[in-house]
Amino acid sequence: MTVPEATPTNVAADSAYVAMQAGVVHGDVNQYTTYADSPPEKKFQAGVHILDGGMSSRAWQLIQEAVVGGYKTNEVCFHWLLALVSGRTRHGLSKEEMAALRNERNIFRLTGDDEWVNGVKTIRRLLESAEKKDADTRVLLKELDALGDPQRAMILRHLEQFLDGPIAEQMWHRTLSQAKHERMADDRANRVWKFFEPTPSKPRKQAVRRPDTPLGIYVRIVMATAVFVVATVHIGYVLVQGGRVFALLVCLASAVGGYYGTREGLEWRFRVVRRRTKDMEYGPPSARRTNAQPEGFAKRVDQRFDHYFAIYVPHGVEREVWLAKTAGIRRSLRDELVEIYREERVGVERINWLIRHRVDDVRRRWREGALWSYREELATPLSTKAGAVLGLAALVGGGAWAVSDAVLVAPLGASGSTVLVLASGWIGARALWGVLLKRWRSAADERESRRALDGDWAAFGRWQAKLADKPKDQEMAVWLDSDRKVLLDDALKHYRLVMSNVVAHAFIEAPAPSTRRARVKDGPWRYRKYQLLAFLLTADGVRQLTVDLDFDEGAFRVRERSSYRFDAVAAVRVGHGEKDERTFELALVDGQKISVQVMSPGMEMLQEGENPGTVSEVTLDASGLHHTLHVLEGIAAEGKEWIRCER
């Protein structure tokens, strides 16, 4: 099983917006899931996972519920503090949240002396130092550097925006260094795509139609056989009675020849019918029975086969030739998978691996010259043909000899028996041939189905092994957060600024047009391609940077750079559409509008146990929209005065 060689691509011209590719929800991942009656420990653990996933608001709510439930440990205090201030500035806290932060020492009582206690003490000192212009940053940074992982890494990740003053610049250098180290860590470039692959559906065996011979056919065979045997015995009796011993021996020999001739003839007939059926299935669509235009699931499967056949072209073969020669096979494979999976409500994304495997198998057999090998396998050997012809010839010749002698002995009786032999033999043989051909066809279909299933299971195992190191949602969040920090550093360098020149900064993460998306249960949507907006607020105004991010490679492509004064910001809003889409809009006084769709229509796609609005809430939380709105709404309302208040 190979990695997909291409991903679906939609093309839009001019200003058209292409709808997002179908989303994948990993419903078997439950790290973010809690319930109203969950114990405090469970809520805390979920809160930690959610904080690692970049959803600080939701994380603090859960950890606070655990604290209210009486779960207060050193580790809880550490994460409670980080979740409260992560991705926010001091003015971004509500009065209640600020009061909770001020009252933290009364809420928690640290016990013992472990890494969590040291981490809490470091956070406290960092927050206190941000309010003191004369704070000795060297001691603080030395204390921070002495912390072990994960405490140090988490502090650098989550406190970066909350701190200001002399400590902020030094913290930024450490945060940036960590981001550059984590950005492409853990084989990101070769693992990100796996997050967007759904849990594959298991292989299923194609149902083989069993022989459905009516009881009347068996009755016909039995009766015809009985009449045939009685009539034949009577002819033999007449020959014995007339002393025609040699004719009797010829009759017996013709019967033996007839048996072998019939058996070989039946084999011949089966091979011819089987090959003809295969030719109808694998031949061009015009040679097969026409199917109705596929719709729904069948249409999507058809599109997937067309897509993979178009890219899995054997080396040295023209694509047009390849597609024309395999049109019948493509349609046959499509019909097979549609028949197997249609009734089980399986999304085509879950059998993409199987479609790729089947197409790759066709390509392999093409290269090996075995694509139409069934024609050689089903070709009737000369010995079979000769056995059928000679055996039946012996039956006819010997039978005619014996019958002619019997008629001479007893004209009336032998003639009647001959008529019965011919009639019953014809009726019984036709019925028996039909039964045997059905059984042989069913057995052949069963062998082919088993062989295909064995190949599918082998491919399924390889595909599962390839997806075994699929990244967790928390890893995706760390990589994306590292991208943001590296982008911020690029913006600082471009505008020739240092972090101390920046009063505040904010990001908005939005899906790029025509990108794949995926999420875990109760988690935010992640995308393979992002559109990132970075806002840097300085004393002189706003610096805005818009880039496209290829998340697989962590590569940026700058789309736009712009700068404007604070008093140029007229309004900031988030539009909520009828289909739950969210659009961020920034209007300038000159009429220019900066608009980006943060959430596309129909993104809820709730799984069992998820509450309405959950997906939107956590996706917006992870996108940084709330903090960005707080910053830009303050500018729109107060202009440059907001800077003075912020400082």
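This is a predicted model: local features need pLDDT of at least 70, side-chain atom pairs count only at pLDDT 80 or more; totals for chains, interfaces and linings use all residues.
Let me begin with Asp 481, which is buried because its relative accessible area is 10%, where buried means under 20%, exposed means over 50% and partly exposed lies in between, with a 1.4 Å probe and protein chains only. Residues are numbered from 1 along each chain as its sequence is written, and side-chain values use heavy atoms, with hydrogens and water left out.

Asp 481 forms a salt bridge with Lys 485, at 2.6 Å from N to O, the term meaning a side-chain nitrogen of Lys or Arg within 4 Å of a carboxyl oxygen of Asp or Glu. Both residues sit in helix H20, 4 residues apart, or about one turn of the helix; helices (H or I, at least four residues) and strands (E, at least two) are DSSP runs numbered from the N terminus. Lys 485 also counts as buried, because its relative accessibility is 6%.

Asp 481 has a salt bridge to Arg 157 as well, with the closest N and O atoms 3.8 Å apart. That pair links distant parts of the chain, since Asp 481 belongs to H20 (residues 473-494) and Arg 157 to helix H8 (residues 151-158), 324 residues apart. Both Asp 481 and Arg 157 are buried. Which residues make up the network of salt bridges here? They are Arg 157, Asp 481, Arg 484, Lys 485 and Glu 509, in a structure that holds 46 salt bridges.

For a contrasting setting, take Arg 375 and Asp 279, whose side chains meet in a salt bridge at 3.4 Å, N to O. Arg 375 lies in helix H17 (residues 374-377) and Asp 279 in helix H12, 96 residues apart. Arg 375 counts as partly exposed because its relative accessible area is 35%, and Asp 279 is partly exposed at 26%.

On a 1 Å grid over the protein atoms alone, a cavity is a set of points where a 1.4 Å probe fits but cannot get out, a pocket is an open set with protein on both sides within 12 Å along at least five of seven lines, and lining residues have an atom within 4 Å of a point. Grid points are joined across faces, edges and corners, and a volume is the space filled by probe spheres set on the points. Helix H21 (614-623) and strand E4 (526-527) each supply at least two lining residues, the largest share, 3 residues, coming from H21.

Turning to the second largest pocket, its volume is about 1200 Å³. Of its 36 lining residues, the closest to its centre are Phe 228, Gly 258, Thr 262, Leu 395 and Gly 425. Which helix gives the most to this lining? H19 does, with 12 residues.

I will close with strands E6 (residues 541-550) and E7 (residues 555-564), which pair in the antiparallel sense over 9 bridges, pairing requiring that DSSP finds at least two bridges between two strands. Leu 549 has Phe 556 in E7 as its bridge partner, and in the hairpin, with 4 residues between the strands, Gly 554 takes a positive phi near 65 degrees.
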